[in-house]
Amino acid sequence: MSSPPEEGQLLSLLLKLTGAKNTIEVGVFTGCSVLATALAIPDDGKVVAIDVSREYFDLGLPVIKKAGVAHKVDFREGAAMPILDNLLANEENEGKFDFAFVDADKGNYGEYHERLLRLVRAGGVLAYDNTLWGGSVALEDDSVLEEFDQDIRRSIVAFNAKIAGDPRVEAVQLPVSDGITLCRRLV
């Protein structure tokens with residue numbers, strides 16, 4: 001349940017290519033993607049890292065500290081929606097972020113997208129993990145899957161359709177790891 005090395009390398013390259021300085025991550029688990037992000041952004045950059053569990057994040061925190069990038073991480077524990085809404089309550093945060101990475105509860109991807117579009121600047125990048133869900137998004141609706149996977153599949157299929165039809169972003173879905181969708185905010 002952590003970002004694989006190839007995904008971390010891709011995110012790192014994207015951050016460097018875009019000159020990202022302020023980033024936000026929704027769903028960080030033990031912090032593998034947070035570490036990749038913190039290493040890629042400038043020394044005065046910041047990663048707002050949101051997760052429901054401080055316990056899991058604390059497992060990876062020694063590695064983040066050993067890498068010398070803990071000062072770039074602003075960990076916020078709790079459900080992402082209220083934290084994102086709290087960020088949006090301060091108008092200074094609108095368009096403040098250069099990059100967002102989402103790897104949290106898949107059923108809320110669409111809601112996260114709406115909030116992150118306001119937080120990420122025009123020209124910034126939003127990245128969504130697990131958008132292929134083991135290839136199940138290409139299966140027929142009546143395919144035999146465990147109930148959990150069927151629920152996630154439905155959520156991801158709906159999210160992928162939302163992104164494909166969203167004129168506010170230019171998107172590409174890559175078959176890296178379990179699928180990553182990259183969106184460049186247009187307006």
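Axes are lines fitted to C-alpha atoms, for helices over the stretch in contact, and the angles between them run from 0 to 180 degrees between N-to-C directions. In this predicted model, helix H5 (residues 109-119) and helix H6 (residues 147-164) pack at an angle of about 30°, with their axes 9 Å apart.

**Overall architecture**

The protein chain contains six helices and seven strands. Along the sequence these elements follow the pattern α-β-α-β-α-β-α-β-α-β-α-β-β. The radius of gyration of the protein chain is 16 Å, close to the 16 Å that the globule rule gives for 187 residues, so the chain is as compact as a globular protein of that length. Along the principal axes, the C-alpha atoms of the protein chain fill a box of roughly 50 × 35 × 30 Å.

**The sheet**

Strands of a sheet pair through backbone hydrogen bonds, either parallel or antiparallel. Here, seven strands form an open sheet with mixed pairing, in the order S3-S2-S1-S4-S5-S7-S6. Strand S3 (73-77) and strand S6 (169-174) are the edge strands, each pairing on one side only. From one strand to the next, the twist averages 15°.

Within this sheet, strand S1 (residues 22-26) and strand S2 (residues 46-51) pair in the parallel sense over five bridges. Asn22 stands opposite Lys46 in S2.

**Helix packing**

Two packed helices are described by the angle between their axes and the distance between the axes. The table lists these values for the helix pairs.

| Helix pair | Angle | Axis distance |
|---|---|---|
| H1 and H2 | about 30° | 9 Å |
| H4 and H5 | about 25° | 10 Å |
| H5 and H6 | about 30° | 9 Å |

The partner of H1 is helix H2 (residues 32-40). Angles under 35 degrees count as roughly parallel, and H1 and H2 are therefore roughly parallel to each other. Their crossing is right-handed. On the H1 side, Gly8, Leu11, Ser12, Leu15 and Lys16 meet Ser33, Ala36, Thr37 and Ala40 in H2. By class, this contact of H1 with H2 has four nonpolar, four polar and one charged residues.

Helix H4 (residues 80-89) packs with H5 at an angle of about 25°, which makes H4 roughly parallel to H5. The crossing of H4 and H5 is left-handed. From H4, the contact draws on Ala80, Met81, Leu84, Asp85, Leu87 and Leu88, while H5 contributes Glu111, Tyr112, Arg115, Leu116, Arg118 and Leu119. The residues of this contact of H4 with H5 divide into eight nonpolar, no polar and four charged.

Helix H5 also packs with H6, at an angle of about 30°. In this pair, Tyr109, Gly110, His113 and Glu114 of H5 make the contact with Ile156, Phe159, Lys162 and Ile163 of H6. The contact of H5 with H6 comprises four nonpolar, two polar and two charged residues.

Conventions
Residues numbered from 1 in each chain as written. Predicted model: local features only at pLDDT ≥ 70, side-chain atom pairs only at ≥ 80, totals over all residues. Heavy atoms only, no water. Helix = DSSP H or I, 4+ residues; strand = E, 2+ residues; numbered from the N terminus. Parallel < 35°, antiparallel > 145°, perpendicular 65-115°, else oblique. Left-handed = near helix turned anticlockwise from the far one by under 90°. Contact = heavy atoms within 4.5 Å. Nonpolar A, V, L, I, M, F, W, Y, C, P; charged D, E, K, R; others polar. Pairing = 2+ DSSP bridges. Rg over C-alpha atoms; globule rule 2.2 N^0.38 Å.
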